[in-house]
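Here is a short briefing on side-chain contacts. Look at the model first, then read the points by topic.

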Amino acid sequence: MFTAADHEFMARALRLAARGLYSTTPNPRVGCVIVRDGAVVGEGWHRNAGEAHAEINALQSAGDRARGASVYVTLEPCCHHGRTPPCSEALIAAGVSRVVAALHDPNPQVAGRGLARLAAAGIDCECGLLEQDARELNVGFFSRMTRGRPWVRVKMAASLDGKTALESGASQWITGPAARADGHRWRARACAILTGSGTLADDDPQLTVRGVDSARQPLKVLVDSRLEVPLDARLLAGGKVLIAGAIDASTRATKAEALRALGAEIVSLPAAGGRVDLPALLAELGRRGINELHVEAGARLSGALLAAGLVDELLLYLAPCLLGDAARGLFALPALESLESKHALTMRDVRLVGSDLRVIARPGSGRG
């Protein structure tokens with residue numbers, strides 16, 4: 001049975017973990033608090049991939065005061081050698097008496113063995129405190145470890161009647177500056193940003209994070225079946241770019257060579273009908289360590305992802321305006337024969353951001 005103090009210290013560890021929201025990929029966001037005689041004697045969080053884990057930073061903060069202390073950590077301590085030594089061994093060496101983890105690490109290299117190693121050393125171990133909060137902080141890491149693909153979040157901005165652009169394709173700007181700034185914060189937490197050739201033709205997006213204190217730029221991913229991206233497209237101007245095509249790049253060797261000269265990488269993932277194999281693309285991104293994929297695409301690509309069951313979360317900004325029936329809609333989906341076939345959503349959060357309404361919803365009921 002966890003006490004009120006246990007909840008308080010784990011909540012503090014979760015707040016620390018959130019400080020790594022923009023920087024830890026492909027690693028999880030983890031926080032750690034060390035408590036002795038009811039007082040915090042050390043704390044830390046995982047700051048950047050390849051650097052010390054949260055437990056190590058907290059132990060360094062606590063020093064000798066860690067001996068006999070309780071440790072609250074938002075994810076099970078690791079027990080394997082990666083770019084850093086095992087945190088479980090460091091906790092044993094420090095002489096802590098109790099470890100409370102929010103949840104088990106889904107990484108197959110850990111998966112309960114970290115806590116088992118601590119328990120074998122005589123340390124009192126408990127797991128499951130504020131588990132759902134910790135999981136939400138690392139939905140992408142859990143998705144990649146358990147499903148082999150990133151958590152897919154589709155962001156769209158629309159009028160109140162669900163229109164994303166005029167019939168001509170003009171869409172800048174439907175929502176206000178506060179909503180656009182909020183959208184950049186969601187971009188910043190993602191490992192990659194994906195768009196399609198249609199959005200590229202209409203908007204020529206940069207697909208970069210702007211106005212957010214983050215040194216990292218996500219990978220830019222373009223779904224472009226026939227490698228039609230113009231060489232002067234803004235997304236090619238800087239940063240890593242992955243272009244997913246549906247043709248063998250050798251059939252357009254000159255264009256492919258020019259794209260590679262600009263720093264782009266091309267993968268061929270053909271599916272039926274000359275389209276890109278979207279499940280294969282997500283699997284490829286998972287192999288590349290992509291935890292969260294932020295999608296900013298048009299109705300066709302967004303609809304294809306939704307219809308294929310590949311969307312985990314919708315991030316919708318609804319502006320207080322109407323664009324009319326001729327304007328473009330949110331998702332291009334097959335016609336439904338009955339209301340029972342509708343795409344059901346579970347609302348997760350609804351709030352005002354500036355003058356716009358932000359809706360976070362997930363397909364189905366209780367997914368994730």
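Glu 296 has a relative accessible area of 14%, so Glu 296 is buried (buried means under 20% relative accessible area, exposed over 50%, partly exposed in between, with a 1.4 Å probe and protein chains only). This is a predicted model: local features need pLDDT of at least 70, side-chain atom pairs count only at pLDDT 80 or more, and totals for chains, interfaces and linings use all residues. Residues are numbered from 1 along each chain as its sequence is written, and side-chain values use heavy atoms, with hydrogens and water left out.

**Salt bridges**

- The structure holds 25 salt bridges (a side-chain nitrogen of Lys or Arg within 4 Å of a carboxyl oxygen of Asp or Glu).
- Glu 296 meets Arg 187 in a salt bridge, at 2.9 Å from N to O.
- Glu 296 lies in the loop between strand S12 (292–295) and helix H11 (299–307), and Arg 187 in helix H7 (residues 177–189), so the pair ties together parts 109 residues apart in sequence (helices, H or I of at least four residues, and strands, E of at least two, are DSSP runs numbered from the N terminus).
- Arg 187 is buried too, with a relative accessible area of 8%.
- Glu 136 bridges to Arg 362, with the closest N and O atoms 2.7 Å apart.
- That pair links distant parts of the chain: Glu 136 is in helix H5 (residues 131–137) and Arg 362 in strand S16 (residues 356–363), 226 residues apart.
- Glu 136 is partly exposed at 22%, whereas Arg 362 is buried at 4%.
- A network of salt bridges links several residues, including Glu 136, Arg 362, Arg 29 and Glu 313.

**Aromatic pairs**

- There are two aromatic pairs (rings of Phe, Tyr and Trp, its six-membered ring, with centres within 6.5 Å; planes under 30 degrees apart are stacked, over 60 edge-to-face, the rest tilted).
- Phe 9 and Tyr 72 form a tilted pair, 5.4 Å centre to centre with 45 degrees between the planes.
- Phe 9 lies in helix H1 (residues 4–17) and Tyr 72 in strand S3 (residues 70–73), so the pair ties together parts 63 residues apart in sequence.
- Both Phe 9 and Tyr 72 are buried.
- Phe 141 and Phe 142 have ring centres 6.4 Å apart and planes at 85 degrees, so they pair edge-to-face.

**Charges over a ring**

- Arg 19 lies over the face of Trp 45, 4.7 Å from the ring centre (NZ of Lys or CZ of Arg within 6 Å of the ring centre and within 35 degrees of the ring normal).
- Arg 47 also lies over the face of Trp 45, at 3.9 Å from the ring centre.
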